[in-house]
Amino acid sequence: KQDSLSLQTADLLVDEVERLNRSISELLDYARPAKLEVRNLEIDELLAKSLMLVRSDAEAGSIVIEESYYCGACQIMGDEDKLTQVMLNLCLNSLQAMADGGTLKISTSMEEKWAVVEIADNGCGIAPEITTKIFEPYFTTKHGGTGLGLAMSAKIIDDHKGQIQISSDQGRGTTVSVKLRLS
């Protein structure tokens with residue numbers, strides 16, 4: 001019994017050290033000036049690749065992914081790794097908001113000189129009093145969350161001279177809109 005307790009304590013310590021390491025790494029990434037590795041990217045292709053990484057999570061959660069891409073070969077100038085990080089974070093947030101299954105809609109379009117990405121879910125939505133805080137560092141409603149995911153995402157989009165907006169209807173879902181300048 002003593003060995004079992006020691007093993008559980010050791011596992012707990014390892015988990016906490018890993019959590020703290022993630023938090024410190026995210027904090028450093030947030031505080032550091034961005035060093036973008038910018039090149040021409042097709043936003044539709046970037047999004048399709050990002051979705052491949054979350055598809056199994058969606059299927060496991062009984063979530064249907066609907067994709068509609070309308071930017072085609074149009075390109076943006078951006079850092080592929082950082083923009084993929086943003087898209088993954090937004091998609092994972094949507095998946096987590098649909099604990100009982102649902103639909104994740106991903107779309108791209110062009111609006112004047114912008115490529116527009118919309119990530120919409122029909123999950124639990126966000127309370128109106130919280131929507132003004134969600135891009136602030138350390139603000140989180142998730143158990144075990146660091147509160148840096150959306151803050152980092154907003155910073156990355158800002159570093160790309162883009163825009164990120166959120167609209168949500170509590171109990172009905174959330175839509176995040178990201179605008180990136182076309183090349």
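In the predicted model, Ala 58 makes contact with Ile 63, Ile 65 and Leu 95, when residues up to four places away in sequence are set aside. Ala 58 belongs to helix α2, which spans residues 43–60. With a relative accessibility of 0%, Ala 58 is classed as buried. The C-alpha atoms of Ala 58 and Glu 42 lie 24 Å apart, for a separation of 16 residues in sequence.

One of the residues touched by Ala 58, Leu 95, falls within helix α3, formed by residues 80–97. This helix comprises 18 residues, and the distance from its first C-alpha to its last is 26 Å, close to the 26 Å expected at 1.5 Å a residue. At the start of α3, a side-chain oxygen of Asp 79 comes to within 3.1 Å of the backbone nitrogen of Asp 81. The buried residues of α3 include Leu 83, Val 86, Met 87, Leu 90, Cys 91, Ser 94 and Leu 95. Also buried in this helix are Thr 84, Leu 88, Asn 89 and Ala 97. In an α-helix, residues three or four places apart point the same way, because each turn takes 3.6 residues.

Cys 91 of α3 is buried, its relative accessible area being 4%. Cys 124 is partly exposed, with a relative accessible area of 47%. The structure as a whole contains 0 disulfides.

The strands provide a further set of contacts between segments. Strand β2, residues 63–68, pairs with strand β4, residues 102–111, through 6 bridges in the parallel sense. Within this pairing, Val 64 has Thr 103 of β4 as its bridge partner. Strand β4 is also joined to strand β5, residues 114–121, by 8 bridges, and these two strands run antiparallel. Here Ser 107 is placed opposite Glu 118 of β5. Strands β4 and β5 form a hairpin with 2 residues between them, in which Glu 112 adopts a positive phi near 55 degrees. In a regular strand, side chains alternate between the two faces of the sheet.

Conventions. Residues are numbered from 1 along each chain as its sequence is written. This is a predicted model: local features need pLDDT of at least 70, side-chain atom pairs count only at pLDDT 80 or more; totals for chains, interfaces and linings use all residues. Side-chain values use heavy atoms; hydrogens and water are left out. A disulfide is a pair of cysteine sulfur atoms within 2.5 Å. Buried means under 20% relative accessible area, exposed over 50%, partly exposed in between (1.4 Å probe, protein chains only). Helices (H or I, at least four residues) and strands (E, at least two) are DSSP runs, numbered from the N terminus. The expected span of a helix is 1.5 Å times one less than its number of residues. A polar contact is a pair of N or O atoms within 3.5 Å; within protein, one must be able to donate a hydrogen and the other to accept it, and residues adjacent in sequence count only if both atoms are side-chain atoms. Contact means heavy atoms within 4.5 Å. Two strands pair if DSSP finds at least two bridges between them.
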